[in-house]
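Trainee: I should like to work through this protein with you, step by step. May we look at the sequence and the structure together?

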Amino acid sequence: MKRKTKALPLLLTVLFVAFYAHCGRDHSSAGDAGEPQVHRTVVMSGLSNPWDLAFAQDEAMLFTEKCRGLSVRLPDGTVRFLFGSAGALLEADDFFCQGQSGMLGVAVDPAFAQNRFVYVFMASKADGMKTNRVVRLTLDEAYTAVFDRTDLIADIPYKQSLNRWGLAGAHSGGRLRFSPFDGYLYVATGDNHDGPLPQDLSRLGGKVLRVDRDGHAAPGNNTPAGGDPRIFTYGHRNVQGIAFRPGTGRPFACEHGPGHNDEVTPLVPGGNGGWDPSPMPGVSCMNGYCGYISNNPEGKPTPMTDLARFPNALRPSWNNHGDSEGMGPCVFLEGPRWKAWEGRLAVGFLRGARIELLHLDVNDMTMKASVIPDLPRQRMRSLVLGLDGALYVAIDKGEIWRLESAAR
Ligand SMILES: [Ca+2]
């Protein structure tokens with residue numbers, strides 16, 4: 001009996017402490033509900049397949065339309081057609097669009113205020129040869145003239161013709177981003193439905209390239225011996241997004257998968273993403289591309305990261321197991337206005353028609369993913385943080401949105 005009466009106060013104390021600990025958790029999760037409320041405004045509409053956008057330091061917004069070219073929207077709302085098809089301030093006779101290709105990525109030089117350099121990723125048929133190119137342009141102070149076109153990288157492979165797997169121009173990659181950490185330009189490319197391309201270190205498809213503002217290989221790429229020194233990582237399928245993690249500067253690639261999943265991958269210099277759709281000995285795949293059907297005897301799908309064949313391949317941080325939904329752009333949310341979402345990786349989807357937010361651990365692996373709620377279901381083509389801290393989204397059907405966060 002005595003022991004029981006002594007145990008009762010102890011039990012009550014334990015319950016009391018547990019109760020308040022529980023209340024504390026509730027309270028702090030209400031604080032987490034510092035999850036922002038998102039206000040959406042349509043900044044532009046009526047565009048033709050907007051593909052990417054970038055902000056200059058004066059808040060001018062440069063944007064591409066796949067089959068038209070590069071334009072700018074000035075802070076006062078004035079829009080000028082800068083570069084590309086007929087009617088641009090600088091026309092490009094070699095520019096064309098076909099399938100997934102055309103005028104894709106755009107980036108503004110970190111020293112734009114001084115050098116006025118802007119970069120685009122475009123399909124070109126110069127010299128009778130279809131390629132993807134990274135082209136540098138110079139803009140005047142008032143955005144009324146474009147000059148000094150310089151083709152920095154002219155040998156990014158292009159899918160020349162229709163085959164069993166899709167249209168010409170498929171899997172071109174196309175995103176351009178300067179790292180705010182190292183100042184170099186990262187260029188995302190695709191595998192062109194060309195089986196051997198991603199693991200071929202002499203060609204630039206199925207890669208992430210890292211170059212300086214003149215298109216030369218950046219130091220520290222750690223390209224495997226004999227490889228093209230502009231290659232930063234290889235063994236990719238179709239990289240559509242590049243983002244740099246705040247605090248560490250680690251680059252992340254976001255890429256389209258082949259039907260069974262898309263992938264987000266933290267990159268290291270010289271890394272192999274582990275994608276190899278080339279036919280294995282004794283296996284025949286239509287058009288020499290085994291990216292959709294098996295190239296192994298067990299009949300398993302070709303893995304986005306083949307750890308059996310490439311045990312040191314870059315480990316993905318996240319994949320959407322079981323489906324490929326056209327993972328496209330990605331960007332880290334920065335700034336206290338994003339509240340609980342600050343530091344999360346926003347990943348846009350085309351067919352999936354949503355934006356996922358990935359919550360990463362210190363090792364860059366995804367702990368949990370959630371969706372930005374209450375957005376219209378649209379194909380998300382580009383995600384960029386504005387100078388105002390808002391998230392700008394290019395929508396395939398022709399709009400640019402501004403998503404602003406405010407605490408609930
Ligand atoms: Ca991979």
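Mentor: Let us begin with a pair of residues in two strands: in S10, leucine 139 has valine 146 as its bridge partner. Strands are DSSP runs of E with at least two residues, helices are runs of H or I with at least four, and both are numbered from the N terminus. This is a predicted model, in which local features need pLDDT of at least 70, side-chain atom pairs count only at pLDDT 80 or more, and totals for chains, interfaces and linings use all residues. Residues are numbered from 1 along each chain as its sequence is written.

Trainee: Over how many bridges do S9 and strand S10 pair?

Mentor: Two strands count as paired if DSSP finds at least two bridges between them. S9 and S10 (residues 146-156) run antiparallel, and the number of bridges is six.

Trainee: Which residue in the turn between S9 and S10 has a positive phi?

Mentor: These two strands form a hairpin with six residues between them. The positive phi, about 60°, belongs to tyrosine 143.

Trainee: How many residues of strand S9 are buried?

Mentor: A residue is buried if 20 or more other C-beta atoms lie within 10 Å of its own, exposed if 12 or fewer, and partly exposed in between, with C-beta atoms placed from the backbone. Strand S9 covers residues 131-139 and is mostly covered. Of its nine residues, the buried ones number eight.

Trainee: Is isoleucine 400 buried or exposed?

Mentor: Isoleucine 400 lies in strand S26 (residues 399-407). Because it has 22 C-beta neighbours inside 10 Å, isoleucine 400 counts as buried.

Trainee: How far apart in space are isoleucine 400 and glycine 46?

Mentor: In sequence, the two residues are 354 residues apart. From C-alpha to C-alpha, the separation in space is 9.4 Å.

Trainee: Over which residues does pLDDT stay under 50?

Mentor: pLDDT is the predictor's confidence in each residue, from 0 to 100, and its mean for the protein is 91. Where pLDDT is low, the predicted coordinates should not be read in detail. The stretch with pLDDT under 50 is residues 1-31.

Notes: Two residues are in contact if their C-beta atoms, placed from the backbone, lie within 7 Å.
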